[in-house]
Amino acid sequence: MDEKSSQVPLLSRKQDTSGYGGGYSKKKPILLTSAKWILRVAMWVIFVAWASFIFLFPSDFVSGLYNKWLLVSDGTLFGYTGSIFMLFSAPILVLAFLATAYIVLVGEETIEGNEISRRQPPRFRLWTFPVVVDGPFGVVSAAEMIGIFLFTAYVAWAVSVEIVKNSQFVSLLHLPSREKSVYMLELTGLRMGLIGLFCLGFLFLPVARGSILLRLIDIPFEHAVKYHVWLGHLTMLLFTLHGLFYVIGWTIDGRLIHELLEWDNIGVANLPGVIALVAGILMWVTSLPGVRRVNFELFFYTHQLYIVFVVGLALHVGDFLFCFAAGGIFLFMLDRFLRFCQSKRTVNVLSARSFPCGTLELVLSKPANLHYNALGWIFLRVRELSWLQWHPFSVSSSPLDGKHHVAILIKVLGDWTEKLERSISIMSEKGQQPYSEITASVEGPYGHESPYHLTYENLILIAGGIGISPFLAILSDILHRIKDGKPCLPKNVLIIWAVKTSIELPLLSTVGIDSNFPSFSDSLNLEIKTYVTRESEPSLEEGKSIEPVNSAIFRASKKCGMSVLVGTGNIVWSGLYVIASTLGLVITVALLDIYYINPYNVDYWWYKGLLFIACMVASVILFGGAVIGLWHFWEIKNSVRDEFDEKLMNGNPQENEPKIDKNYGKEQYLSTVRYGQRPEFKEIFESSSEKWGMVDIGVIVCGPSTLQKSVAKECRTQNLRRRGNMAIFHFNSHSFDL
């Protein structure tokens, strides 16, 4: 690859298909560019208007507009419910529609080719500049800090405005001071609940793993889950205060038990609210770090109470108040049902092996048309071990390693992984079997919309222990691109790996750097520094080949690969699924209003809330399920076509199993190994900056939170002390923290 092409950002390139070189489009199609610009502007306008309306809702002006809107809609088909849904839930669904079209166009633009952009000088980016590293939120980037500030400002503004309005209103009442106090407490509790509903509208968005909105802003689920944690604390704090103020007021008035058990037909039903609040508090308490880390299963199973929480909330507030938060909940329901459909597929485990360091490698079957990138994640369930437990693992293989498989590395740390290790040991002792004895289900793959590791010319990959897994995938991806002559921006890669003992070192050999990629030094400057922290000197076995303790390869049916029914998969089908389900929700609610609610004057709040939840579920299963069925048939058709094409190209069917390096452990690529030391990030970063010059350096870390904080702190220090001719370090974390 020539010097000029190496300076062109990867995502602005187009591969030469003419065979004459120069294969980059010089002009963007005007229509495509215009469509993208219109969609981008439309999405920004909708989002800013929606967020501004929520932020300013406590003000007299906006609340007055809201009341006028409700009066106008009174007597219409959908009534107050439709009006509130249009204001607070519909915008987020419309954004999902527009995001689908935008992502499709971006994909088309990648195919058409972009205008060559000149290499720009290094610059800071809000998402990769850590500003807080030791606070209660963990590592927080500048962009995340802006989000925290805005949410804090909203809550502080809304609470203060509502308290002032409540005080002014209560002061006008001619009541005894005791009754005024009780009334003030109840009004304050009411306002806390309303603010909590607005926060609830955002709460479910980050945990919709395959959400189109997350794909739009290129924030993968493993990063977004911490936003769910932050919002969860805020939402439950508001809802707890909501209930607490009412409980105090009712206690003062001597009617606590009566109010807690009350279930009014017209107005708010208290008992369902109590049930929902208890479920929410149980989820909140068991999700606290001290409880979650000690007993993860308690956290996992308790969190399934979200169903009780959502249904109880709908019964508590009725259909029209529930619509304040219905949009985000509906998108989560869509994602959950799609995950359920994907997980029904039984996935073949093509091979399994166990390393002496207590690490397992599983290779899973997948169809050729299920794409992922080297920084992807999957959720795995092994039915022989548990029907309920799902565990996240980052992929350790590159998409270029093979079209029909994906590999993961698993560290043996708990009961579930110990059982899996024993199963592999037993199967290895039995010898090769005609069919796989491990019955797996898979959700995913999830991850970034684009492989951001390919957007940096200079990379520092920092891993702790099993955190090397995604970096094996990155390294394989880069080496494959160089070997195959594909566009590849990274030119300098430094891997820093800290392990406890030298017995973990053979994991690097799973890439097969020497045997599979004999010549890459002209295109890539690769350096690997390994730190063995709990050994002061090399062991006697240093340099000897360390083979897996147990290894098993299975002959499996080609029709048992991972399903393509995943939100991060084909964007057209994902978009159609969301659109069809949303239209189905409108249709089912309209039919319910026309033929049942309006003719029979159904006005029980709790009952209408239950019916609205039923409409949401029905629209996802019936209308969304129809799209999923078509999507599934499309997968079958494509699989048959791909198999036929492979027969034509290769003369025989492609074996649906990985090509496993038979010389694992024979070749190792280690630049330096230091014993009894830990990496000094200050020295490493300064050396890299001096060596590579004034460039952008992507720093990706995968490991425990202490490692993430240390690396983020050094990135921040280096950037703040930076002078004009020094590099800028961009912090990226690839760790799934629950």
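Which residues make the nonpolar surface patch of about 720 Å²? In this predicted model, local features need pLDDT of at least 70 and side-chain atom pairs count only at pLDDT 80 or more, whereas totals for chains, interfaces and linings use all residues. Residues are numbered from 1 along each chain as its sequence is written, and side-chain values use heavy atoms, with hydrogens and water left out.

The patch is made by Leu77, Phe78, Leu583, Val586, Ile587, Leu591, Ile594 and Tyr595. Patches consist of residues with over 30% relative accessible area and no salt bridge, like charges being joined within 9 Å and nonpolar side chains (Val, Leu, Ile, Met, Phe, Trp, Tyr) within 5 Å. Accessible areas come from the Shrake-Rupley method with a 1.4 Å probe, and for residues only the protein chains shown count as cover. Tyrosine 595 is placed in helix α19 (residues 571-597); helices (H or I, at least four residues) and strands (E, at least two) are DSSP runs numbered from the N terminus. With a relative accessible area of 61%, tyrosine 595 is exposed, where exposed means over 50%, buried under 20% and partly exposed in between (1.4 Å probe, protein chains only).

Threonine 588 also lies in helix α19 but is buried, at 16% relative accessible area. Its side chain reaches the backbone oxygen of leucine 585 at 3.0 Å. Residues up to four places away in sequence aside, threonine 588 touches Cys615, Ser619 and Phe623, contact meaning heavy atoms within 4.5 Å.

Side chains of opposite charge can pair when their charged atoms come close. The whole structure holds 18 salt bridges, each a side-chain nitrogen of Lys or Arg within 4 Å of a carboxyl oxygen of Asp or Glu. In one of them, glutamate 144 pairs with lysine 226, the closest N and O atoms being 3.0 Å apart. Because glutamate 144 lies in helix α6 (residues 142-171) and lysine 226 in helix α9 (residues 221-253), this pair ties together parts that are 82 residues apart in sequence. Glutamate 144 is buried at 9% relative accessibility, while lysine 226 is partly exposed at 26%.

Arginine 339 forms a salt bridge with glutamate 443, with 3.3 Å between the closest N and O atoms. Arginine 339 belongs to helix α15 (residues 326-343) and glutamate 443 to strand β8 (residues 439-446), so the pair links parts 104 residues apart in sequence. Arginine 339 is buried at 10% relative accessibility, and glutamate 443 is buried at 2%.

Definitions and conventions: Polar contact = N/O pair within 3.5 Å; in protein donor to acceptor, adjacent residues only side chain to side chain.
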